[in-house]
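Student: I am new to this structure and would like to learn how its contacts get their names. Could we go through it together?

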Amino acid sequence: MNRGLMVVVSGPAGSGKGTVNAELLKTGEFVYSVSATTRAPRPGEVDGVNYHFITEDEFRARLDEGGMLEYTQYCGNYYGTPRKEAEEVLDSGKHLILEIEVDGAMQVKRRYPEAVLIMLLPPSYEVQEQRLRGRATETEEKILARLEQTKFEVRRLPDYDYVVYNHDGGAVECAREIQTIVRAECHATKRSPTAASDYFRKQND
Ligand code: 5GP
């Protein structure tokens, strides 16, 4: 059985990453990587489902034993991708979605050059600003901080393999586009360097 692909999906606030990834999970071809974090759970978040909520000491211990495939510090909290769980998913043949920010994505790109990096964007910065203000759940200060963060994130777009635009209500369409990208990537010849010799190998070898 072929190993699954590691698929990084990054996107600024308001890009709809969570909704798009939920759609991707419905296809049955993808498994969501549950990150570990030191930040406090938000209302409705479930330990082991949205994140593994752990203390800073636990996080450092896992880091020291090489248990994180990548990690970052974001807004004063640590976030990291548990390595063992990730490897198990990939070995099972399913594709693994890493919903992580840009710094972590660049670590993945260095350590796993075969990973596929996708950035999800709102149609424009203007639309993103409207979406963030429309939520009305955050203070003006937080909105401005998130918009500022976007400038740094989107500048790294050339380091990603693909960009997908999330138009209003377009989560299903975005998920379909990501699914198409991943399926095409599975057929890339660079992923099967022995395909030609395999073809000529006798069946009973
Ligand atoms: P939030 O606190 O809003 O859930 O996440 C903040 C940011 O951290 C988001 O951009 C999210 O994608 C990113 N993030 C979540 N888990 C990880 C992780 O394991 N590694 C990295 N590098 N970023 C993560």
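Predicted model: local features only at pLDDT ≥ 70, side-chain atom pairs only at ≥ 80, totals over all residues.

Student: Which atoms of Gly-80 and Glu-101 lie by the ligand?

Tutor: For Gly-80 it is a backbone N or O atom, 3.2 Å from an oxygen atom of the ligand. For Glu-101 it is a polar side-chain atom, 2.7 Å from a nitrogen atom of the ligand.

Student: How much of the ligand's accessible area does the protein cover?

Tutor: The protein covers 91% of the 510 Å² that the ligand has on its own. The space taken by the ligand is the largest pocket. Strand 5 (68-74) and strand 6 (77-82) each give two or more residues to the shell around the ligand.

Student: Which classes of residue make up that shell?

Tutor: The shell has six charged, five polar and four nonpolar residues.

Student: Why is the pair of Arg-183 and Glu-29 called a salt bridge?

Tutor: The N to O distance between their side chains is 2.5 Å. The cut-off is 4 Å, so the pair qualifies as a salt bridge. Arg-183 lies in helix 7 (residues 171-186) and Glu-29 in the loop between helix 1 (17-26) and strand 2 (30-32), so the pair ties together parts 154 residues apart in sequence. The structure holds 16 salt bridges.

Definitions and conventions:
Residues numbered from 1 in each chain as written. Heavy atoms only, no water. Polar contact = N/O pair within 3.5 Å; in protein donor to acceptor, adjacent residues only side chain to side chain. Areas by Shrake-Rupley, 256 points an atom, 1.4 Å probe, with all protein chains shown as cover. 1 Å grid on protein atoms, 1.4 Å probe; cavity = no way out; pocket = protein on both sides within 12 Å on 5 of 7 lines; lining within 4 Å. Sits in = over half its atoms within 2 Å of the grid points. Helix = DSSP H or I, 4+ residues; strand = E, 2+ residues; numbered from the N terminus. Nonpolar A, V, L, I, M, F, W, Y, C, P; charged D, E, K, R; others polar.
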